[in-house]
Amino acid sequence: MEQPSAKPGSRRNRRTAALVAAGAATALVAAAAVPALASAAQDGSAKGAKGAKKPSAAAVEEDFNGDGYQDMAVGASGSSSGEGSAGYVTVFYGTPDGLDRDNAVTLDRATDGVPGEPADGNRFGWRIAGADLDRDGYTDLAVHVPGAKQVVVLWGGAEGVTGKGSAVIEGDDAENAFDTGGQLTAGDFNGDGNPDLLMGRGHESGTYGLLQGPFTRDGQWAEEQQIPLTTSYNDVMSVTAGDIDGDGADDLVVHQSFEEMGRENLFFTGGENGLTRTDTEVPMGATGAIGDFDGDGYGDLAYREMPGGVVENLPYDEGTVKVVHGTADGLGDRVKTYTQDTAGVPGASEENDQFGAVLSAGDVTGDGIDDLAVAVPFEAIGDRYAAGSVVLLKGSEGEGLTGAGAQAFHQDTPGIAGVAEANDRFGSAVRLLDVNGDGKADLTVGAPGEGIGDAAEAGAIWYLPGTADGPTATGSFDVNPGTVGAELAGVQFGKALTNSGYGPLMSRN
């Protein structure tokens, strides 16, 4: 099917105009499209470190402290119980030199202003979503705390995220609140310019809450839409949000499963009335990301194919990524397939690799067309099982993603700090986001299995600057909990990143 060309009314041009008019920005990302605006960037007069000019307002999407540079939060939720499982979140502020390691702030339930007390098994930071929920010009941070069956909202401000005045979102039914916060995703699903939060709310099985903004400082939303996200007795494996049809409202793909089997995925279109289920047939997948990979102004759905339609095959899967290109009417019939055997893609398709286990879309090269970061967290480097790697596939006008110029990064890549070791799971979380303000998305990678000294599964993240040729190891660096003075053992630092996509990661062991 021939795709429509970009036009004055296309998503990209309409969105740019809306951002200028409203003084807000909307991000088309793997997990959500998130509006936020730094007040310091609105008039373009503020200067950053070393006299660098601030990014334009339209480029600022996730800015907790309003300095005009996008920021990154890192979750360290630990395992389900035991040491490190109380969990915390570390916020890194963007600068012209990338993530600021010297002024990072760690927050947990012991932080002044954050309700509750730290407790083993709480897993504070299991998922984290950033959006300007109260529309004050600063991005706020919604933190899933599955052990407490809550979402905690940490408000942004001129000082950044401090924990002061934090609010708690509870389940609708305390006796059936087991899923409260599940699938936490931020986006503007009704297209009114106010960010919304999608999450489990303890409603009847399969029904989720779309909490529509703006939010007040006590955590109250304007309106809730209760949405059955599954069919029959199916479960939600993951969700993928972004604007497919270019109407300015985010759409939603629901990846379903039932016990060990995958099920048909569902497509919900966003609009004035919130999310509405369509009869669009969506191929079976485990997780996904949405980006404009061919530059036509419509969002394209990249997803990890469910191997043989069986969830239990995921740990043994070589990994296949497919892209369904978007149109003004939603998902189209133009589909492309990518594996590590695709011409130009580094590596080779091998059992257990799980190519595409997590995905993130963003414009790394600065050409106005989105690229795709493809995680391969269980890839062996040499004989080291699940050392992990990340592959970048580059978008191109008209054609979309290709293997041409594709890149791969792991801990044995020259210039990347550390050494690839078994079970590091480099790539368990990936995010493309421009934090240094140069108009090119940078790559942040989490490796929650990384050991630091005697601390097993302390975890770490790596920051790689974006360039016109793609991410580069030059100027890259790693950060672990010890770097920022946070707890080490078992915390799995880097298991989640702000608005990063979620993948059902399963080890064969």
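In the predicted model, Glu260 is partly exposed, with a relative accessible area of 32%, and its place is in the loop between β15 (residues 251-258) and β16 (residues 261-262). Glu259 belongs to this loop between β15 and β16 as well, and at 58% relative accessibility Glu259 counts as exposed. The backbone of Glu259 has a phi near 55°, a positive value in a residue other than glycine. Together with Asp235 and Glu312, the residues Glu259 and Glu260 gather in a patch of negative charge on the surface.

As to the overall architecture, the protein chain contains 1 helix and 31 strands. Of its 509 residues, 62% count as buried, while the chain exposes about 17300 Å², of which carbon and sulfur atoms supply 46%. Among contacts between residues at least 6 apart in sequence, 55% join residues at least 24 apart.

Two further backbone features were found in loops. Most residues other than glycine have a negative phi, and most peptide bonds are trans. Asn352, although not a glycine, has a positive phi of about 80°; Asn352 is located in the loop between β22 and β23 (residues 359-362) and, at 9% relative accessibility, counts as buried. The peptide bond from Gly213 to Pro214 is cis, with omega near 5°, and Pro214 is found in the loop between β12 (residues 207-212) and β13 (residues 223-228).

The structure holds 11 salt bridges. Side chains of opposite charge can pair when their charged atoms come close. In one of these pairs, the side chains of Asp317 and Arg304 meet at 3.5 Å, N to O. Asp317 lies in the loop between β20 (residues 300-305) and β21 (residues 321-327), whereas Arg304 lies in strand β20, so that the pair ties together parts that are 13 residues apart in sequence. Both Asp317 and Arg304 are buried.

Another salt bridge joins the side chains of Lys336 and Glu399, at 3.8 Å from N to O. Because Lys336 lies in strand β22 and Glu399 in the loop between β25 (residues 389-394) and β26 (residues 402-409), this pair ties together parts that are 63 residues apart in sequence. Lys336 counts as partly exposed at 21% relative accessibility, and Glu399 is likewise partly exposed, with a relative accessible area of 44%.

Strand β22 (residues 330-338) also contains Arg334, which is buried, with a relative accessible area of 18%. The C-alpha atom of Arg334 is separated by 5.9 Å from that of Val324, a residue 10 positions away along the chain.

A further salt bridge is formed by the side chains of Asp132 and Arg135, with a distance of 3.6 Å from N to O. In this pair, Asp132 is buried, with a relative accessible area of 2%, whereas Arg135 counts as partly exposed at 27% relative accessibility. Finally, Asp134, Asp136 and Arg217 are linked in a network of salt bridges.

Conventions:
Residues are numbered from 1 along each chain as its sequence is written. This is a predicted model: local features need pLDDT of at least 70, side-chain atom pairs count only at pLDDT 80 or more; totals for chains, interfaces and linings use all residues. Side-chain values use heavy atoms; hydrogens and water are left out. Patches are made of residues with over 30% relative accessible area and no salt bridge: like charges are joined within 9 Å, nonpolar side chains (Val, Leu, Ile, Met, Phe, Trp, Tyr) within 5 Å. Accessible areas come from the Shrake-Rupley method with a 1.4 Å probe; for residues, only the protein chains shown count as cover. A salt bridge is a side-chain nitrogen of Lys or Arg within 4 Å of a carboxyl oxygen of Asp or Glu. Lys and Arg count as positive and Asp and Glu as negative; His and the chain ends are not counted. The place of a charge is taken as NZ of Lys, CZ of Arg, CG of Asp or CD of Glu. Helices (H or I, at least four residues) and strands (E, at least two) are DSSP runs, numbered from the N terminus. Buried means under 20% relative accessible area, exposed over 50%, partly exposed in between (1.4 Å probe, protein chains only). Contact means heavy atoms within 4.5 Å.
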